[in-house]
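Here is a briefing on charged side chains. It covers salt bridges first, then a surface patch.

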Amino acid sequence: MNKKLEGSKPIKLSSTRAWRTYIGGKLLEELLGEENPTDSHFPEEWIMSVVSARNKGREHVIDEGLSKVDRHDVELTLKSLIENDPEGFLGAAHVEEFGAKTGVLVKIIDAAERLTVQVHPDRIKARELFNSAYGKTEAWHILGGREIDGEPPYVYLGFKPGVTKEKWKQLFEKQDIQSMLDSMHKYYVEPGDTFLIEAGTPHAIGAGCLLVEIQEPTDFTIRIEKTTPQGFTLDDFMCHQGIGFEKMFECFTYANYTREETLNKWKITPTQIKETNGNKESELIGYNNIPYFKMDLLEVNNETKIEGNDIFYGLLVVSGNGCIVSDKDELSLTRGNQFFIPAKVSSVTLRNTGEESLKVMRLFGPQVI
């Protein structure tokens with residue numbers, strides 16, 4: 001098979017789950033249409049992924065987290081296809097600026113327990129400590145959720161005034177979890193909420209959240225808790241990611257903001273881009289917020305055409321049924337389906353074939369200057 005032929009049309013990707021230290025996944029499996037959905041240590045779906053998960057003790061699982069083409073006759077990773085034809089898949093301008101890498105990773109996260117308090121390195125610290133060009137700035141878009149032990153979905157984000165590096169290290173040494181949580185702002189969330197989490201900012205996704213996360217393409221997660229809320233003991237590597245306990249505190253930005261300042265800084269208001277014949281396109285987070293990625297929401301009530309403009313992007317169906325048409329090819333799509341659209345695909349048409357609105361997230365890599 002000539003792999004380059006794959007880049008001439010939309011590529012349906014298969015479901016790619018990744019093991020994590022926390023429990024979840026029931027709502028994710030419902031979204032994906034799986035039978036008998038349950039919570040487990042596989043609470044994340046990785047989308048358009050060319051990145052492997054960093055899980056201590058699971059090194060025997062080769063390329064965990066890499067996206068694969070949805071085919072039964074041969075196993076192909078998205079990473080291998082891109083490496084075989086970078087310009088066809090990513091676009092000449094993107095390759096010239098970023099090389100043969102997408103520069104982005106997307107996940108669906110379903111947390112049945114609060115994630116451990118954590119932080120990610122920015123690009124300067126990632127280069128210094130991990131020899132990586134990418135840090136892990138990310139953004140969350142809340143899809144929905146559930147009550148856990150009577151409490152609605154929530155997130156923790158940012159230090160409250162008064163937190164210093166010295167105080168934060170003391171809380172870690174004591175493993176005073178409640179004081180750690182009390183040092184951050186807690187927000188209850190609703191479907192449609194979007195937050196930007198800049199690298200260096202402490203945070204934790206709370207129990208009950210179902211969200212889409214778009215991020216820089218790394219798995220560098222510094223965890224400040226040594227045991228998860230459900231009692232899973234973390235290996236030291238899963239806390240400091242190999243750089244040691246002392247250096248991991250260099251990954252935090254010790255900026256303090258009030259509750260209102262934090263929301264003003266990192267809660268993003270969506271912007272409607274256009275509305276045509278009952279079809280809407282909204283920008284959930286854009287390059288004016290951060291140049292590392294972009295995320296739109298398409299609401300299709302009949303059909304809408306998307307121009308490619310020599311850029312690649314991903315599509316994630318979050319509700320409804322329909323089809324995606326490109327030239328003479330037509331693929332059905334339903335809730336939970338994911339696609340990679342190569343840069344060489346000049347345009348696609350999304351067509352609603354169901355009774356409810358077809359809602360599709362459009363997921364972009366970094367801004368090309």
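**Charge contacts and a charged patch**

E96 is exposed, with a relative accessible area of 72%. This is a predicted model: local features need pLDDT of at least 70, side-chain atom pairs count only at pLDDT 80 or more, and totals for chains, interfaces and linings use all residues. Residues are numbered from 1 along each chain as its sequence is written, and side-chain values use heavy atoms, with hydrogens and water left out.

**Surface patch**

- E96 belongs to helix α4, residues 92-98. Helices (H or I, at least four residues) and strands (E, at least two) are DSSP runs numbered from the N terminus.
- On the surface, E87, E96, E97 and D310 gather in a patch of negative charge.
- Patch members have over 30% relative accessible area and no salt bridge, and like charges are joined within 9 Å. Asp and Glu count as negative, with the charge placed at CG of Asp or CD of Glu.
- Exposed means over 50% relative accessible area, buried under 20%, and partly exposed in between (1.4 Å probe, protein chains only). Areas come from the Shrake-Rupley method.

**Salt bridges between loops**

- The structure holds 26 salt bridges. Each is a side-chain nitrogen of Lys or Arg within 4 Å of a carboxyl oxygen of Asp or Glu.
- D85 and K344 form one through their side chains, at 3.2 Å, N to O. D85 lies in the loop between α2 (78-84) and α3 (86-90), and K344 in the loop between β20 (338-341) and β21 (347-352), so the pair ties together parts that are 259 residues apart in sequence.
- D85 is buried at 11% relative accessibility, while K344 is partly exposed at 40%.
- The side chains of D193 and K267 meet in a salt bridge at 3.6 Å, N to O. D193 sits in the loop between β8 (184-188) and β9 (194-197), and K267 in the loop between α10 (259-266) and β13 (271-276), so the pair ties together parts 74 residues apart in sequence.
- D193 is buried, at 12%. K267 is partly exposed, at 36%.

**A strand pair and a network**

- K294 and E283 make a salt bridge at 3.8 Å, N to O. K294 is in strand β15 (residues 294-300) and E283 in strand β14 (residues 279-285), eleven residues apart.
- K294 is buried, with 12% relative accessibility. E283 is buried too, with 16%.
- Salt bridges with shared partners join E44, K107, K136, E138 and E213 into one network.

Definitions and conventions:
Patches are made of residues with over 30% relative accessible area and no salt bridge: like charges are joined within 9 Å, nonpolar side chains (Val, Leu, Ile, Met, Phe, Trp, Tyr) within 5 Å. Accessible areas come from the Shrake-Rupley method with a 1.4 Å probe; for residues, only the protein chains shown count as cover.
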